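Hi everyone, thanks for making time today.

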Amino acid sequence: MAKPVIAVDGPAASGKGSLARRLAAHFGYAYLDTGKLYRAVGLAVLRAGGDPTDIEKAESAAKAIDPTHLDDHDLTGDAAASAASKVAAIHEVRAALRDFQMGFAAAPPDGAHGAVLDGRDIGTVICPDAPAKLFITADVGVRAERRHKELLSRGEASIYARVLQDLEDRDRRDTTRADAPLKPADDAVVLDTSALTIEEVLAQALRLIDGKLG
Ligand code: CDP
């Protein structure tokens, strides 16, 4: 029997990561932030002095990623985010990261009874048969405000207008790429979190998932 999977997709700073982490804790499922895989590839290319749009460099970085080591502090920064959305548009990179993600969903670590994966293409490509699919979104201005506050709270320098521009650039790259573009799966439930607190989002998500996990 396949283990239940909750697929959480959506644009940057929509609140999908916070929700996915809470859902995993609520159900006792394993959690995978798939954005970190793309961030790790983007960062590896940057650190080697390469350009994240360089197909060969990005592909070999993706093939060399050890997904068990994803706690590098620099992964959370904006340079990694921007590089991530560039390498993420490369077919060979997505193919190299696919097996690990599918394997995580099929056999969640530590004997967990299910998995929560968050990203851009979990409901459409990685786990098309997931019984519960959520697409978390929010107004781009609200998302930029959230990311801006998050950066400031981490003590990082941040300018709202730049954060907004970065998010718009990333949204455009993520939604217009040919391979696995960001979009809700046909059977996903779309949740707009613009006016909701994290607790309200969790409560709504739990209502939407209720009964779907078997
Ligand atoms: O946390 P945030 O939403 O800002 O971004 P993230 O989830 O860490 O993802 C960083 C970038 O990786 C995204 O802008 C996408 O381009 C890419 N990504 C992807 O293409 N597919 C995924 N499953 C996850 C991330």
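This is a predicted model: local features need pLDDT of at least 70, side-chain atom pairs count only at pLDDT 80 or more; totals for chains, interfaces and linings use all residues.

Residues are numbered from 1 along each chain as its sequence is written, and side-chain values use heavy atoms, with hydrogens and water left out.

So, the fold. The chain has 9 helices and 5 strands; these are DSSP runs numbered from the N terminus, with helices being H or I of at least four residues and strands E of at least two. Starting at the N terminus, the order is β-α-β-α-α-α-α-β-α-β-α-α-β-α. The C-alpha trace spans about 50 × 35 × 30 Å along its principal axes. Of the 214 residues, 46% are buried, where buried means under 20% relative accessible area, exposed over 50%, and partly exposed in between, using a 1.4 Å probe and protein chains only.

Now let's look at Arg 170, in helix 8 (residues 160-176). A salt bridge here is a side-chain nitrogen of Lys or Arg within 4 Å of a carboxyl oxygen of Asp or Glu. Arg 170 does touch Arg 120 and Arg 147, among other residues beyond four places away in sequence; contact means heavy atoms within 4.5 Å.

Asp 174 does have a partner: Arg 120 forms a salt bridge with Asp 174, with the closest N and O atoms 3.2 Å apart. Arg 120 sits in the loop between strand 3 (115-119) and helix 6 (122-126) and Asp 174 in helix 8, so the pair ties together parts 54 residues apart in sequence. Arg 120 is buried at 14% relative accessible area, and Asp 174 is buried at 3%.

Next, Lys 133 and Asp 187 meet in a salt bridge at 3.0 Å, N to O. Lys 133 is in strand 4 (residues 132-137) and Asp 187 in the loop between helix 8 and strand 5, so this pair also links parts 54 residues apart in sequence. Lys 133 is buried, at 6%, whereas Asp 187 is partly exposed, at 46%.
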